[in-house]
Amino acid sequence: MISIKEALKLVQSQNIKTTPVEKELSSALGYHLAETITAPFSMPDFNNSAMDGYAVCGIYENYHIVGEVAAGSTVDHALEDGQAIRIFTGGKVPENTTAVVMQEKTSAEDKQLTIIGEIKAGQNIRAIGDELKKGQEVFTTGHYINAASLGMLASLGKTMVKVYEKPTIKLITTGNELIMPGQERKKGQIYESNSHALCGALLEQGFNCCEKQQIEDNFELIKSGISSYLEQTDVLLLSGGISVGDYDYVKEALEENGVKEIYYKVFQKPGKPLYFGRKGDKFVFALPGNPASSLSCFYIHVLPLLQRLSGGKSDGLPKVNLPLTHHYELKGDRPAFLKASVKNSEVTILDGQMSSMIRSMAIGNALVYIPEPKKIERGEKVQCLLIS
Ligand SMILES: Nc1nc2c(c(=O)[nH]1)N[C@H]1C(S)=C(S)[C@@H](COP(=O)(O)OP(=O)(O)OC[C@H]3O[C@@H](n4cnc5c(N)ncnc54)[C@H](O)[C@@H]3O)O[C@H]1N2
Ligand code: MOO
């Protein structure tokens, strides 16, 4: 059995292959850049008005109005001393403009403009290069494309960007006791739920479960299920059948498929019988079947690999240290990831910590990591992994 730190390091140290692809900007949300972006022109690349008002030349109380500049007008204007021009937000500021005065601080009659209050040179002018200079680095390789990045890239005139492809992911759930929601259930059977939680977690984190299947506890069926999925996917996830029971066939079926074990069993709760292996460029995680174990193992151990495979720089869920709202004692012997709720910059460890219990995870939004069994006082800071 290895420690959590060792397990994470083993994932982190894998040689991986990332694939750069060209994507249209409209479908690049959630990807990581596979190129460095530099500004092809300054932003803004013409001096423009930050207000609806008047561009004025010189600092006076009265000006002579000589015309108008609407946003989008490409006509070149030049002001002379004592002249003003009507201008609108985003409009190109004429040559020789001293400042732009917002409409509310002026009064205009015929061609005569009177200023109310003081004018400061340069006011309300968005100058060339204020945000970016031509040639300046905008984003580096690995940058995560969020909504604002799409806006930034579009404002630089980009229609295509080079991003890292995301890994393809398939999921096999195993267990004779599992039936599908909607089917009639007999005592001894339960509804298969892990695939729903795992596919949801994948989506939540920007990945897709391309295909999933449920296989009964039958060695040959599990072996051939693994074989066909492994051929077509970058990452194979399995749930259940990875412990030591007589019907736990997953580990052996993976071996028979030529998957090399990187680790098996992590000293943690939940998720002790976690398996990680690889075959060539393909990675396999066999997650323990208990619902909370499989989902926590996904967030803690699978997500960092998926992030690396998609060219990202993050290392799993975001982490913060927050004070606990109550006293807590971690019993047992294993380091634990406890289902918790973060609210108002504090964290509460929830009831229902057993590996079979998923409701506490559903109503919570974080996992609290406690590295060893101990008593923790109210107000003491603990590490929180933020799920949402
Ligand atoms: N003798 C030992 N028994 C167990 C050990 C151990 O060390 N020695 N470890 C326990 C721990 S810890 C875990 S976690 C589980 C993991 O076992 P498996 O990965 O083999 O999972 P299963 O036995 O198939 O299932 C466990 C549990 O979860 C339910 N389950 C499974 N798949 C699903 C699904 N897709 N949807 C909903 N629920 C699912 C299943 O019915 C079982 O109740 O092993 C312990 N045992
Ligand atoms: O590791 Mo298991 O997930 O404790 O029940």
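Author: Gladly. Helices (H or I, at least four residues) and strands (E, at least two) are DSSP runs, numbered from the N terminus. Residues are numbered from 1 along each chain as its sequence is written, while chains are lettered from A and ligands numbered from 1 in the order in which they are written. This is a predicted model, where local features need pLDDT of at least 70 and side-chain atom pairs count only at pLDDT 80 or more, but totals for chains, interfaces and linings use all residues.

Reader: What is the mean pLDDT of the protein?

Author: pLDDT is the predictor's confidence in each residue, from 0 to 100. Here the protein has a mean of 97, and 100% of its residues reach 70 or more. The model also comes with an ipTM of 0.98 and a pTM of 0.93.

Reader: Into which domains is the protein divided?

Author: Domain bounds come from an automatic or database domain assignment. In this protein, domain 1 covers 4-17 + 166-309, domain 2 covers 20-42 + 130-164, domain 3 covers 48-126 and domain 4 covers 319-386. Between the C-alpha centres of domain 2 and domain 3 there are 34 Å.

Reader: Which strands does S13 pair with?

Author: Two strands pair if DSSP finds at least two bridges between them. S13 runs parallel to strand S16 (residues 209-215), with six bridges, and lysine 170 sits opposite glutamate 211 of S16. S13 is also parallel to strand S17 (residues 235-239), over five bridges; there, leucine 171 faces leucine 237.

Reader: And where can I see antiparallel pairing?

Author: Look at strand S18 (residues 260-264) and strand S19 (residues 275-279), which run antiparallel and are joined by four bridges. Glutamate 261 has glycine 277 of S19 as its bridge partner. S19 then pairs with strand S20 (residues 282-287), again antiparallel, over five bridges, with phenylalanine 276 opposite phenylalanine 285 of S20. S19 and S20 form a hairpin with two residues between them, and glycine 280 in that turn has a positive phi of about 60°.

Reader: Which residues other than glycine have a positive phi?

Author: Most residues other than glycine have a negative phi, and most peptide bonds are trans. Asparagine 344 has a positive phi near 50°, and serine 345 has one of about 60°. Asparagine 344 lies in the loop between strand S23 (336-343) and S24, and serine 345 is in the loop between S23 and S24. Asparagine 344 counts as exposed because 7 other C-beta atoms lie within 10 Å; serine 345 is exposed because its number is 8.

Reader: Where are the cis peptide bonds?

Author: One runs from methionine 43 to proline 44, with omega near -10°. Proline 44 belongs to the loop between strand S2 (37-38) and strand S3 (48-49). Another joins lysine 269 and proline 270, with omega about 0°, and proline 270 lies in the loop between S18 and S19.

Reader: Now the ligands. Which residues surround ligand 2?

Author: A residue is near a molecule if its C-beta atom, placed from the backbone, lies within 6 Å of it. Around ligand 2 these are Lys269, Pro270, Gly271, Lys272, Pro288, Asn290, Ser293 and Ser355. For sorting them, Ala, Val, Leu, Ile, Met, Phe, Trp, Tyr, Cys and Pro count as nonpolar, Asp, Glu, Lys and Arg as charged, and the others, Gly among them, as polar. The shell of ligand 2 has two nonpolar, four polar and two charged residues.

Reader: How many residues surround ligand 1?

Author: There are 26, and the closest are Asn194, Gly240, Ser243, Pro288 and Gly289. That shell divides into eight nonpolar, 14 polar and four charged residues.

Methods. Buried ≥ 20, exposed ≤ 12 C-beta atoms within 10 Å, placed from the backbone.
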